[in-house]
Amino acid sequence: MMRAFEYVRATDTARAVEMVTADPNTSYLAGGTTQLDLMKDGVLAPERLVDITHLPLRGVTGGRGALRVGALTTMEELAADTTVVERIPFVRDALLLGASTQLRNMATIAGNLLQRTRCRYFRDPAVAACNKRERGSGCAAMTGTARMHAILGTSPHCIALHASDVAVPLVALDAILRVQGRDGARGVPLTRFYLTPGDTPDVENLLRHGELITAVEIPLPALGTRSGYLKVRDRVSYEFALTSAAAALLIEDGIIVEARVGLGGVGTVPWRAREAEEILIGAPATMEVFRQSAERALEGARTISGTAFKVELAKRTLVRILRTVSGVVA
Ligand SMILES: Cc1cc2nc3c(=O)[nH]c(=O)nc-3n(C[C@H](O)[C@H](O)[C@H](O)COP(=O)(O)OP(=O)(O)OC[C@H]3O[C@@H](n4cnc5c(N)ncnc54)[C@H](O)[C@@H]3O)c2cc1C
Ligand code: SF4
């Protein structure tokens, strides 16, 4: 059952920030594909929604060193951008392998990065034990069915997965969020934005109540960098990742000069695989090196019975995308 709420359409950014900041029971509404689902499920119950879709925060600009993506740019619009297609195709692939065409036409890039976990217990208020919904109440996933859960960055209090696809190449690229608050603007690196659960799984990121994401800045990798995104899932479309891997490699004379690696489907936050990058950079582009980097990337994995299969699957996913991007023949 959905509870009644007030709907306000914002036409001024500062006014929108003021309205949400001033009231803990007011939230932003962008495409609504996450927000409204959670309200229908009874997980969220704001008293007022401030619709931001008419604010001038849409479109992609820049193009040499970095792209600036307005927060309200839809997933489909970003995937179709020429610079994205030419310079960072793994961002396009991650976008187009997510959700469905209808959803991608509604869903905004900021909303995507702020989507909540798909943990079934979080989304079912009839289940009492969920530390993310109510701190200290317990974690039903630990003893229940937990296949679509995390194996990296977990804590004894929560193993919920971050489900965004596009966040995976974006953490690999060191994207920066531009955030507008009542007292001014700031930039937050996406690699630091998300918080692993620790003993406060309900606190998911560094955004303060009322702060508005206005844009995402994406630094472009060096010319000649090749990239790819591989998503492994139970069915071929309209499904979240079991595991995924994003890789961007610059290879000169058979040696990997630059490497950026992100993993999805495994982390409580979109996972930057720096240990894998350390193995890759300066090494020859060979299957042996790719396997070593995958071993290192998953070294810290912690599993329960339902998620144990993900360790090997994630390694194979990473090796496969490294092989595809590099063109190395096994
Ligand atoms: C059936 C289904 C399948 C999906 N499959 C995938 C998938 O395979 N891969 C994937 O990555 N995603 C998937 N998604 C998630 C989807 O991409 C997100 O729901 C969507 O991107 C959210 O964007 P939105 O504009 O609709 O956000 P909303 O639902 O409007 O907002 C989401 C949250 O972000 C807040 N918010 C929105 N914009 C801002 C802003 N600018 N500043 C501050 N706060 C803001 C809202 O208050 C809300 O809390 C799926 C969703 C559904 C429903
Ligand atoms: S894994 Fe996290 S979100 Fe899921 S039930 Fe446990 S505490 Fe809640």
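Predicted model: local features only at pLDDT ≥ 70, side-chain atom pairs only at ≥ 80, totals over all residues.
1. **The chain as a whole.** Let's start with the big picture. The chain folds into 13 helices and 12 strands. Its radius of gyration is 20 Å, close to the 20 Å that the globule rule gives for 330 residues, so the chain is as compact as a globular protein of that length. If you draw a box along the principal axes, the C-alpha atoms fill roughly 60 × 50 × 35 Å.

2. **Burial and contacts.** How much of the chain is buried? Buried residues account for 47% of the 330 residues. The contacts are worth a look too: among those between residues at least 6 apart in sequence, 64% join residues at least 24 apart. Keep that in mind when you meet the individual residues below.

3. **Two domains.** The chain is divided into domain 1, residues 1–53, and domain 2, residues 229–326.

4. **The largest nonpolar core.** This core holds 98 residues, and the members touching the most others are I52, A94, L170, A246, A247, L263 and L318. Where does the core lie in relation to the domains? Domain 1 and domain 2 both give residues to it, so the core lies between them. As general background, nonpolar side chains tend to be buried together in soluble globular proteins.

5. **A94, a member of that core.** A94 is one of the core residues that touch the most other members. Setting aside neighbours within four places in sequence, A94 is in contact with D165, V166, V168, P169, Y229 and A246. A246 is also on the list of core members with the most contacts inside the core.

6. **Around ligand 1.** Which residues come nearest to ligand 1? Of the 29 around it, the nearest are G31, G98, A107, G111 and N112. Several elements each supply at least two residues of this shell: strands β2 (26–29) and β8 (212–219), along with helices α2 (35–40), α6 (101–106) and α7 (109–113). By class, the shell divides into 15 nonpolar, 12 polar and two charged residues.

7. **Around ligand 2.** Now move to the other ligand. Ligand 2 is surrounded by 14 residues, and the closest are C119, Y121, C130, C139 and C158. Its shell has 11 nonpolar, two polar and one charged residues.

8. **S227 in a strand.** S227 sits in strand β9, which covers residues 226–232. Is S227 buried or exposed? It counts as buried, because it has 24 C-beta neighbours inside 10 Å, and the cut-off for burial is 20 or more. Beyond residues up to four places away in sequence, S227 touches I88, P89, F90, A247, A248 and V325. S227 and L249 are 22 residues apart in sequence, with their C-alpha atoms 6.3 Å apart in space.

9. **P46 in a loop.** P46 is found in the loop between α2 and β3 (48–51). With 20 C-beta neighbours inside 10 Å, P46 counts as buried. Leaving out residues up to four places away in sequence, P46 touches F5, N25, T26 and S27. P46 and R3 are 43 residues apart in sequence, while their C-alpha atoms are 8.8 Å apart.

10. **V84 in a helix.** V84 belongs to helix α4, residues 82–87. Because V84 has 21 C-beta neighbours inside 10 Å, it counts as buried. Apart from neighbours within four places in sequence, V84 is in contact with L78, A79, V91 and R92. V84 and V60 are 24 residues apart in sequence and 9.6 Å apart from C-alpha to C-alpha.

11. **D174 and its backbone angle.** D174 has a phi near 60 degrees, a positive value in a residue other than glycine. You will find D174 in the loop between α9 (167–172) and β6 (176–181). With 15 other C-beta atoms within 10 Å, D174 is partly exposed.

12. **Y238 and its backbone angle.** Y238 also has a phi near 60 degrees, again a positive value in a residue other than glycine. Y238 is placed in the loop between β9 and β10 (243–252). Why does Y238 count as exposed? It has 11 C-beta neighbours inside 10 Å, and a residue is exposed if that number is 12 or fewer.

How values were computed: Residues numbered from 1 in each chain as written. Chains lettered and ligands numbered in written order. Near = placed C-beta within 6 Å. Nonpolar A, V, L, I, M, F, W, Y, C, P; charged D, E, K, R; others polar. Helix = DSSP H or I, 4+ residues; strand = E, 2+ residues; numbered from the N terminus. Rg over C-alpha atoms; globule rule 2.2 N^0.38 Å. Contact = placed C-beta atoms within 7 Å. Domains from an automatic or database assignment. Core = buried A, V, L, I, M, F, W, Y, C linked by C-beta atoms within 7 Å.
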